[in-house]
Amino acid sequence: DRVTSGSGLPDDGAAELAAIPRDSGTVSVDGTESVHDGQRRVPGAFRRALDAITSLRNRGMAVGVGTQLNTLTVPTLRDLAPQLEAAGALAWQVQHTLPTGRARQSDLTLTPAQTPPLHRLLRDLAERPGLRPSLTDNVGYLTPADVYLRPPPGRQPAAPARTRAGK
């Protein structure tokens with residue numbers, strides 16, 4: 001699996017990448033357009049990332065997306081999901097932004113108080129049809145979200161079973 005931001009991956013680059021034998025690739029997309037471009041400090045980075053997803057899928061590669069969870073990206077997740085799906089993403093992994101690099105000097109890192117609302121949001125997104133988030137190793141362990149959002153390898157997260165009360 002290769003990970004790319006999609007920047008510098010013109011159509012011919014996508015063809016070259018897709019020709020290398022592999023099952024899948026991952027494109028980093030951190031929020032909707034203004035949030036993604038703002039974090040990267042590169043106008044147009046979001047569009048290039050979505051174009052990379054589409055271009056790789058059109059060449060037969062299974063493409064997933066990796067999204068950092070932070071104070072800027074979390075509010076965009078509901079709007080981001082259908083955009084990723086429309087671009088052709090087949091899987092969507094989410095992980096906390098770690099306080100390294102530029103994130104160390106910012107307020108991007110989520111606080112412990114922001115964790116329960118994040119888990120509720122992720123569970124809501126797991127109930128949507130189509131592309132749903134799956135957790136990486138630094139989100140949701142030993143919480144109710146873990147059961148619904150951490151699928152077995154190679155599978156999409158399953159929508160939670162509903163109880164008589166509706167949830």
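This note sets out numbered remarks on the structure above.

1. Basis of the remarks. The structure is a predicted model, in which local features need pLDDT of at least 70 and side-chain atom pairs count only at pLDDT 80 or more, whereas totals for chains, interfaces and linings use all residues. Residues are numbered from 1 along each chain as its sequence is written, and side-chain values use heavy atoms, with hydrogens and water left out.

2. Overall arrangement. The protein chain has 6 helices and 5 strands; helices (H or I, at least four residues) and strands (E, at least two) are DSSP runs, numbered from the N terminus. Read from the N terminus on, the order of elements is β-α-β-α-α-β-α-β-α-β-α. Among contacts (heavy atoms within 4.5 Å) between residues at least 6 apart in sequence, 69% join residues at least 24 apart.

3. Surface and burial. Of the 167 residues of the protein chain, 43% count as buried. Here buried means under 20% relative accessible area, exposed over 50%, and partly exposed in between, with a 1.4 Å probe and protein chains only. The accessible surface of the chain comes to about 9000 Å², and 54% of this surface belongs to carbon and sulfur atoms. Accessible areas come from the Shrake-Rupley method with a 1.4 Å probe; for residues, only the protein chains shown count as cover.

4. The largest nonpolar core. A nonpolar core is a set of buried Ala, Val, Leu, Ile, Met, Phe, Trp, Tyr and Cys residues joined through side-chain atoms within 4.5 Å. The largest such core holds 29 residues, of which Val29, Ile53, Leu69, Leu84 and Trp92 touch the most other members. At least two residues of this core are supplied by each of helix 3 (45-58), strand 3 (62-69), helix 4 (77-87), strand 4 (91-96) and helix 5 (115-126). Helix 3 gives the most, with 6 residues. Leaving out residues up to four places away in sequence, Leu84 touches Val29, Leu50, Ile53, Val65, Ala89, Trp92 and Leu131. In soluble globular proteins, nonpolar side chains tend to be buried together.

5. Helix 2 and its packing. The buried residues of helix 2 are Val35, His36, Asp37 and Gln39, and these pack against strand 2 (24-28) and helix 3. His36 has a relative accessible area of 0% and is therefore classed as buried. Apart from neighbours within four places in sequence, His36 is in contact with Ser28, Val29, Asp30, Gly31, Ala45, Phe46 and Ala49.

6. Backbone after helix 2. Arg41 follows helix 2 and lies in the loop between helix 2 and helix 3. Its phi is near 60 degrees, a positive value in a residue other than glycine. Most residues other than glycine have a negative phi. With a relative accessible area of 62%, Arg41 is exposed.

7. The second largest pocket. A pocket is defined on a 1 Å grid over the protein atoms alone, as an open set of points where a 1.4 Å probe fits, with protein on both sides within 12 Å along at least five of seven lines; lining residues have an atom within 4 Å of a point. The volume of the second largest pocket is about 290 Å³, a volume being the space filled by probe spheres set on the points, which are joined across faces, edges and corners. The lining has 14 residues, of which Gln39, Thr97, Arg102, Ala103 and Leu108 lie nearest the centre of the pocket. Helix 2 (residues 33-40) gives the largest share of this lining, 3 residues. By class, the lining has 3 nonpolar, 7 polar and 4 charged residues; Ala, Val, Leu, Ile, Met, Phe, Trp, Tyr, Cys and Pro count as nonpolar, Asp, Glu, Lys and Arg as charged, and the others, Gly among them, as polar.

8. Ala103 is buried, at a relative accessible area of 9%, whereas Gln114 is partly exposed, at 30%. Leaving aside neighbours within four places in sequence, Ala103 is in contact with Thr97, Leu98, Leu108 and Thr109, and Gln114 touches Thr71 and Thr109. The C-alpha atoms of Ala103 and Asn70 are separated by 9.4 Å; those of Gln114 and Asn70 are separated by 9.7 Å.

9. The loop between strand 5 and helix 6. Val139 is found in the loop between strand 5 (133-135) and helix 6 (144-149). Val139 is buried, with a relative accessible area of 1%. Val139 and His119, 20 residues apart in sequence, are 8.7 Å apart in space, C-alpha to C-alpha.
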